[in-house]
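Reader: Can you walk me through this one? I'm new to reading structures.

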Amino acid sequence: MKMTPEYIEEYAQQHTKVYESDVLDRLERKTHLEVMRPQMLSGYLQGQFLAFFSRMKKPKRILEIGTYTGYSAICLAQGLEEGGMLHTIDVNEELETIATQFIQESGLASSIQQHQGDAMQIIPQLNENWDLVFLDADKINYSNYYDLLLPNLKSGAVIIADNVLWHGKVPEGSREKRASALALFNQKVTDDPRVNNVLLPLRDGLMLIEVV
């Protein structure tokens, strides 16, 4: 389900400045040609939003849960403070080669550390204070990731959760498993006095969560 009419999205893209366009364009094409469910890619407009937000925040430590083919990692890493590091985790080993190739071609490989495996097990081992978290993995576990991360995030840290509208099924009240889990997550965040949040209807829905 398209959240935004195509002509509006095209106009927005035409009036958005692009960074790392060659690498990201080639990565997007390769993902659509060779990878199942290419719609999981962050894509042009959302990718530039992530890059813009990261450059504005200048984080020292970024955590990404859900690497996929590396598009969002490349975007987010553009805003890292000098000497900063982005850690990205994915359970799908088959996509690691593509992600590694394009991360290297982006010139940001020294600032991006890839991890393979269960994020719930890997995150405690990293023992980092995250400034920015991008949550884009299995939707059923969003609340579990939130509970794991939030107690260790300092004031001002931000979590960006992707796909929180889930093709429009969440606001429709769908009982589909992932839609139900995301609806509970959205309400949980909204009711949590420890954070401020705003839900943006960008692409498939982005929830910005700031620790107070």
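Reader: Which way do strand S5 and strand S7 pair?
Author: Strand S5 (residues 158–162) and strand S7 (residues 206–211) are antiparallel partners, joined over 5 bridges. Strands here are DSSP runs of E, at least two residues long, numbered from the N terminus, and two of them pair if DSSP finds at least two bridges between them. This is a predicted model: local features need pLDDT of at least 70, side-chain atom pairs count only at pLDDT 80 or more, and totals for chains, interfaces and linings use all residues. Residues are numbered from 1 along each chain as its sequence is written, and side-chain values use heavy atoms, with hydrogens and water left out.

Reader: Ok. What stands opposite Ile 160?
Author: Leu 208, in S7.

Reader: And what is the order of the strands in the sheet?
Author: The order is S3-S2-S1-S4-S5-S7-S6, which makes an open sheet of 7 strands with mixed pairing. At the edges are strand S3 (112–116) and strand S6 (195–200), each pairing on one side only.

Reader: What holds strands together anyway?
Author: Strands of a sheet pair through backbone hydrogen bonds, either parallel or antiparallel.

Reader: Which strands does helix H9 lie across?
Author: Helix H9 (residues 177–191) lies across strand S4 (132–135), S5, S6 and S7. Helix H9 runs at about 140 degrees to S6; axes are lines fitted to C-alpha atoms, for helices over the stretch in contact (heavy atoms within 4.5 Å), and angles run from 0 to 180 degrees between N-to-C directions. A helix is a DSSP run of H or I, at least four residues long.
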